[in-house]
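Please read it alongside the structure.

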Amino acid sequence: MNPALTTLPSTDPAQILRFRDRQYSAELLATALLHYDFFSWLGLNAGASSDLISKHFGFIARPLDVLLTLCRASGLVTTDAAGGHHLTAHAQEHLVKGSPWYLGPYYAPVKDTPIVKGFLSVLTTGKPGNWQAKSDAKDWHESMLDPEFARSFTDLMNCRGMIFGQFLAKAIKPLLGDRCHLLDVGGGSGIYSSTMVAAHPQLSATVLEQSPVDAIVKKEIARHGLESRVKVATGDMFKVTWPETDIILLSNVLHDWDLPEVRALLVKAAETLKPGGLLIIHDAFIQDGKTGPMAVAEYSALLMNITQGKCYSPAEYGAVLREVGFEPGSYQDTIGDRGFMTAVRR
């Protein structure tokens with residue numbers, strides 16, 4: 001077994017990850033500021049609801065939620081108990097046209113960048129933009145069907161997973177009980193399955209992935225020397241019957257999808273697990289009040305642009321989990337602005 005699977009770093013990589021994770025947040029703010037004059041409008045329409053904002057600007061619910069979450073986390077907008085949105089003094093001074101301290105011109109150089117153009121489409125259609133805003137690229141979900149892209153993206157996720165997976169494996173130990181098989185749905189390179197079985201001798205695992213990622217998983221599992229403990233099942237997670245198991249892991253999966261798809265995956269989890277089975281959702285989580293953390297609000301802007309999803313809160317997941325037959329547990333931080341919540345099948 002690869003010894004790196006059980007070797008924890010002595011430092012938190014959060015700040016290094018944040019440079020990458022916030023890549024799209026400035027462009028989302030520029031889109032709202034320069035193309036829609038969103039803050040001037042909200043200043044004149046204090047207390048406007050999300051529905052009114054959507055109707056006025058033509059914004060779709062998912063990207064509007066991401067924009068408002070980023071604005072709250074940045075101290076630009078507050079939301080009252082009735083769901084009305086208000087500018088803060090900070091936004092009134094610096095983001096409203098006519099203010100002597102208006103900073104719109106400072107964002108002008110990014111007004112027409114490819115990422116901003118992507119946001120203009122995403123805000124009004126809800127459909128993801130092209131990967132990294134490249135004119136010749138498909139959206140992320142389509143791109144993953146290309147073997148070369150799948151390999152490079154899996155490498156990208158794998159380097160984080162070597163750290164995230166070990167911290168998750170350590171934190172989940174008290175909740176495993178006598179459960180012995182992990183189903184890693186949409187498991188990418190299989191790094192989370194690998195770190196979980198490396199940390200817990202009673203576990204074996206199956207990674208469910210579509211082609212061509214499944215071939216990458218098999219090579220990675222062999223590289224770690226875990227062929228006898230981690231198997232690979234091939235299929236579209238939305239279409240195939242999931243293999244029988246008593247633990248399901250959804251790591252960095254649900255954030256790629258809008259709520260209907262999130263619910264569909266949680267229904268499949270409920271159908272797969274017997275009563276007492278454990279579901280683990282590992283991800284970057286927005287706080288229930290959707291006021292932060294800032295790093296996750298920024299990351300959500302990236303996800304909103306390139307995927308069909310965003311970062312969700314424990315409360316959002318919890319509401320769906322209860323509907324489909326789970327009893328949700330509490331959220332726990334791990335490392336790098338990530339964490340997990342669990343749910344037990346009723």
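1. The sulfur of C71 lies 16 Å from the closest cysteine sulfur, that of C311, which is too far for a bond. A search of the whole structure finds zero disulfides, a disulfide being a pair of cysteine sulfur atoms within 2.5 Å. C71 is buried, at 1% relative accessible area, whereas C180 is partly exposed, at 39%; buried means under 20%, exposed over 50% and partly exposed in between, with a 1.4 Å probe and protein chains only.

2. This is a predicted model, in which local features need pLDDT of at least 70 and side-chain atom pairs count only at pLDDT 80 or more, while totals for chains, interfaces and linings use all residues. Residues are numbered from 1 along each chain as its sequence is written, and side-chain values use heavy atoms, without hydrogens and water.

3. An open sheet of seven strands runs in the order β5-β4-β3-β6-β7-β9-β8, with mixed pairing; strands (E, at least two residues) are DSSP runs numbered from the N terminus, as are helices (H or I, at least four). Two strands pair if DSSP finds at least two bridges between them. β5 (230-234) and β8 (326-333) stand at the edges with a single partner strand each, so one side of each has no neighbour in the sheet.

4. β8 pairs with β9 (residues 339-345) in the antiparallel sense over six bridges. Within this region, F326 has R345 in β9 as its bridge partner.
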